[in-house]
Amino acid sequence: VINNDIDLILMDINLKSFLDGIDAAQRVRLMKKIPVIYLTAYPSVAIEERAIKTEPVAYLEKPVRMDDLLGIISETLENEPLTV
């Protein structure tokens, strides 16, 4: 159970775990609808298609321009109701 108020998840797709970032984000979103921004240094069509099915705010390939990332974060937080 997620007890903390989380307004946004910035998720790397390649995790050092039995789950990847897409699986982890899906599990979190089953408990609470939190906007997700995916980041990856290993882009592929198959991974992007899997990620898009989870309805992320964005799917970004590294290296990411900080201005782009901050803009997406700001826009998301302005448009999403904050968790209470």
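User: Which residues of α3 are buried, and what makes T76 count as buried?

Analyst: The buried residues of α3 are L69, I73 and T76. Buried means under 20% relative accessible area, exposed over 50% and partly exposed in between (1.4 Å probe, protein chains only). T76 has a relative accessible area of 7%, which puts it under the 20% limit, so T76 is buried. A friendly note on the source: this is a predicted model, where local features need pLDDT of at least 70, side-chain atom pairs count only at pLDDT 80 or more, and totals for chains, interfaces and linings use all residues. Residues are numbered from 1 along each chain as its sequence is written, and side-chain values use heavy atoms, leaving out hydrogens and water.

User: What should helix α3 span, and how far apart are its end C-alpha atoms?

Analyst: The expected span is 1.5 Å times one less than the number of residues. For the 14 residues of α3 (residues 66-79) that comes to 20 Å, and the end C-alpha atoms are 20 Å apart, so the two agree. Looking down the axis of α3, the buried residues fall within an arc of 70 degrees, so they line one face of the helix. The arc refers to the directions from the helix axis to the C-beta atoms. On the face turned away from the buried side, α3 carries the exposed residues D67, E75, E78 and N79.

User: Good. What does T76 touch, and what do the buried residues of α3 pack against?

Analyst: T76 touches L8, P35 and V57, leaving aside residues up to four places away in sequence; contact here means heavy atoms within 4.5 Å. A polar atom of the T76 side chain also lies 2.7 Å from the backbone oxygen of I72. The buried residues of α3 pack against β1 (9-12), β2 (36-40) and β3 (58-61).

User: Which residues of helix α1 are buried, and how do you know where they sit around the axis?

Analyst: In α1 (residues 21-31), G21, I22, A24, A25, V28 and R29 are buried. They cover an arc of only 160 degrees around the axis, so they are on the same side of α1. L30 and M31 are exposed on the other side. The buried residues of α1 pack against β1, β2 and α2 (45-52). At the start of α1, a side-chain oxygen of D20 comes to within 3.1 Å of the backbone nitrogen of I22.

User: Why is β2 called largely enclosed by the rest of the structure?

Analyst: 5 of the 5 residues of β2 are buried, so β2 is largely enclosed. Both of its faces are covered, with V36, Y38 and T40 buried on one side and I37 and L39 buried on the other.

User: What makes β1 and β2 a pair?

Analyst: Two strands pair if DSSP finds at least two bridges between them. β1 and β2 have 4 bridges, so they meet that condition, and they run parallel. L39 in β2 is the bridge partner of D12.

User: Is I34 buried or exposed, and how do you know?

Analyst: I34 has a relative accessible area of 0%, so I34 is buried. I34 sits in the loop between α1 and β2. I34 and I9 are 25 residues apart in sequence and 6.8 Å apart in space, C-alpha to C-alpha.

User: How many helices and strands are there, and in what order do they run?

Analyst: The protein has 3 helices and 3 strands, running β-α-β-α-β-α from the N terminus on. Of its 84 residues, 32% count as buried.

Methods: Helix = DSSP H or I, 4+ residues; strand = E, 2+ residues; numbered from the N terminus. Polar contact = N/O pair within 3.5 Å; in protein donor to acceptor, adjacent residues only side chain to side chain.
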